[in-house]
Amino acid sequence: ESFETVAEISSAGNSLSSAHESYTIFVLAYGDPLASSNYNDMVNQQSAFSQFLAYYDDRYALSATPHMSEILSKKGKTSLIAAETAAYNVINSEWILYKQDTASTVPLLYAGQTEAAFRSAMNATVHLETINENMADLININSEAAAVLNEISNDTIKEAFFWTLVGAGAVCAAVVPIALLISSRITAPIVTVSKTAKRIADGDF
């Protein structure tokens with residue numbers, strides 16, 4: 001579960017980077033006929049990141065996956081859930097501010113207030129840096145959760161192997177005496193007949 005979440009976080013990070021790159025090009029190249037395509041790309045990538053945030057809390061969060069939440073609780077790692085929640089909340093609040101700054105840049109550019117537009121762009125960049133830091137935290141948290149799951153998986157395999165050996169030993173302990181008993185009953189008459197035949201062959205009638 002956590003490996004899938006890490007993949008989703010990485011994908012969302014790519015969307016965020018693409019959105020900001022298109023936004024930056026749009027601001028710097030404002031007035032160029034091609035700048036509008038960068039703006040449209042920014043809108044699409046921002047939409048993808050917003051969708052990620054909407055899904056994360058319900059689908060990917062550690063607290064949203066019952067098995068993972070239960071495992072972490074048993075291992076005394078509930079701090080990971082708290083850390084994830086804190087990081088997500090920061091990302092969500094910073095994303096709201098980021099979108100406000102990027103949205104306010106457009107009318108400022110239209111009005112010819114270039115300096116104010118650049119200030120909005122700089123503010124957006126600051127919010128982006130905070131978002132990226134907390135996205136990295138999400139990846140680290142989920143990687144640690146995956147390590148806990150892997151540890152439990154290895155322990156389960158070792159335990160299963162141990163009980164397989166115990167079971168095999170118990171079977172051997174039960175089968176060997178029975179096999180020896182059966183063998184002795186089968187071979188005893190054969191030995192007797194063999195000895196008798198040898199005596200007869202030696203002339204002992």
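The expected span of a helix is 1.5 Å times one less than its number of residues. Keep that rule for the second stop. This is a predicted model, where local features need pLDDT of at least 70, side-chain atom pairs count only at pLDDT 80 or more, and totals for chains, interfaces and linings use all residues. Residues are numbered from 1 along each chain as its sequence is written, and side-chain values use heavy atoms, with hydrogens and water left out.

**Stop 1: the whole chain.** Colour by secondary structure. You have five helices and zero strands. Helices (H or I, at least four residues) and strands (E, at least two) are DSSP runs, numbered from the N terminus. Of the 205 residues, 30% are buried. Buried means under 20% relative accessible area, exposed over 50%, partly exposed in between (1.4 Å probe, protein chains only).

**Stop 2: α4.** Select 78–110. Why does the span of α4 agree with its 33 residues? At 1.5 Å a residue they should span 48 Å, and the end C-alpha atoms are 50 Å apart. Now step just past α4 to G112, which has a positive phi of about 80°.

**Stop 3: α2 against α4.** Show side chains where they touch. From α2, the contact includes Y39, F49 and Y60; from α4, it includes Y88, W95 and V106. Contact means heavy atoms within 4.5 Å.

**Stop 4: the largest nonpolar core.** A nonpolar core is a set of buried Ala, Val, Leu, Ile, Met, Phe, Trp, Tyr and Cys residues joined through side-chain atoms within 4.5 Å. The largest one holds 30 residues, and F49, F52, Y56, I131 and M135 touch the most other members. Centre on F52. Beyond residues up to four places away in sequence, F52 touches E8, I9, A12 and M135.

**Stop 5: N134.** Find N134 in helix α5. Is N134 buried or exposed? N134 is buried, because its relative accessible area is 11%. Leaving aside neighbours within four places in sequence, N134 is in contact with A87, V90 and I91.
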